[in-house]
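User: Hi! I would like to learn how to read the place where two chains meet. Could you take me through it?

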Amino acid sequence: MGVLMGNRRQKVLVLYLSNSALDSNVLAWSIYDGTGKEAHTTGDSDVPPYKTGLEAMRAGWRVIQFPQLIPPYPGDEYSTSFYKHEFIFEQLEDVDG
Amino acid sequence: MVDHRYLLNSKQMASFVTEGYLRFDNLAPDTINQAAMREFEAGMRGAPYGTPLSDVYAQDSAIGRLLAMPEVQGIIQSLVGPNPLFDHHAIHVRQANEAAAQHLHGDAVIDTRQHFDIQLMYFPHAIPLEMGGTLLVPGTHFRRINESEIGRYQNMRGQLPMVCDSGTLLVLHHGIWHCGRQNTTGRIRYMFKIRLNPTVRQLRLWNTDDLGDPEVERILAKRYPWFEDASGRLEIMNRSRLWRFLTGNPEYDTDYWLTRVENMPETLLAGAPAQGSLHRQLQ
């Protein structure tokens, strides 16, 4: 990996949106910073970094996962569990030697 | 049995069903809080799972005195009945300058019951924001997840950091999503948690004098900023189901969500051919 990535590191932004559209509102978010410059943890922010997924794209984040739309299992139509609309974004950033 | 005036009312019960928690600020007096801190630092004896709660704590211990307060008895009796079982307890400690929070989680395992356990979280000392405290996401208790599977969710709209005065008691539905937030102070943070199991059917155990108050329905219709557009409607339906279970009213509904999908009429229109004869005609 050191050879492939060189001094380039990945930052990952995970946005949970209010429906399956990329321009719908951000409800929850997580950031993992492979550069080591930022350290995020649970409950460290009350304000989402972007209002919508599209706004994140306009700020330079590249979409690397679109969540599939999977119908509910029969008999399980009314139960709730994980967020359904989990979009994953990345940025690549060079770090010092 | 505790005096009727100490039981929760219907609006508080509706809040518990909606939010998944109730909080009682500054409930325990300083004498209990200070004794609790000494006992936590010295270490506390537990009891086997399933022990009657009344057999677990010495009457003169801090937790024994806390649980004997009529206000606490009323809370417990309203939610899980008069003689609950002790599940387990734990003294939760966040060390000074502990930078990383716990991952978000639900306790125990995935749990599909309408019957519920409660967890009492007791904060013996004041908790400023920089000390944590426990982070809750109100309304998440209907979401079926297994413990730390939700650990990747760092922040959710509407999350609530527990900032409180000493002696505050938080009462949780077992399913609510929560975690211990980071403690950036130079002091250790303590929280005591105890889980209780009901031994009776959870049916109108509280003071139901205000059951018909319109405020109850308003509380049960509350939406949260973390709700997805579509599944947020399912949250309201699941909430109505729990309210039906607790009140014994099989027709309770908020905004017609359940009633609509339960409507499957079987009454035949007068003069309509019986099913068998229609089948013969089609042949």
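User: In which sense do strand 2 of chain A and strand 6 of chain B pair, and over how many bridges?

Analyst: Two strands pair if DSSP finds at least two bridges between them. Here, strand 2 (residues 26–33) of chain A and strand 6 of chain B pair in the antiparallel sense, over 2 bridges. In strand 6 of chain B, B:Asn155 is the bridge partner of A:Trp29. This is a predicted model: local features need pLDDT of at least 70, side-chain atom pairs count only at pLDDT 80 or more, and totals for chains, interfaces and linings use all residues. Residues are numbered from 1 along each chain as its sequence is written, chains are lettered from A in the order in which they are written, and side-chain values use heavy atoms, with hydrogens and water left out.

User: What area is buried between chain B and chain A?

Analyst: The size of an interface is often given as the accessible area lost when the parts come together. Buried area is that loss (1.4 Å probe), summed over both parts. Between chain B and chain A, about 2800 Å² is buried, and carbon and sulfur atoms give 45% of this. In contact (heavy atoms within 4.5 Å) are 37 residues of chain B and 29 residues of chain A.

User: Which side chains meet in a salt bridge?

Analyst: A salt bridge puts a side-chain nitrogen of Lys or Arg within 4 Å of a carboxyl oxygen of Asp or Glu. The count between these chains is 1: B:Arg152 meets A:Glu86 at 2.8 Å, N to O.

Technical notes. Buried area is the accessible area (1.4 Å probe) that two parts lose on being put together, summed over both. Helices (H or I, at least four residues) and strands (E, at least two) are DSSP runs, numbered from the N terminus.
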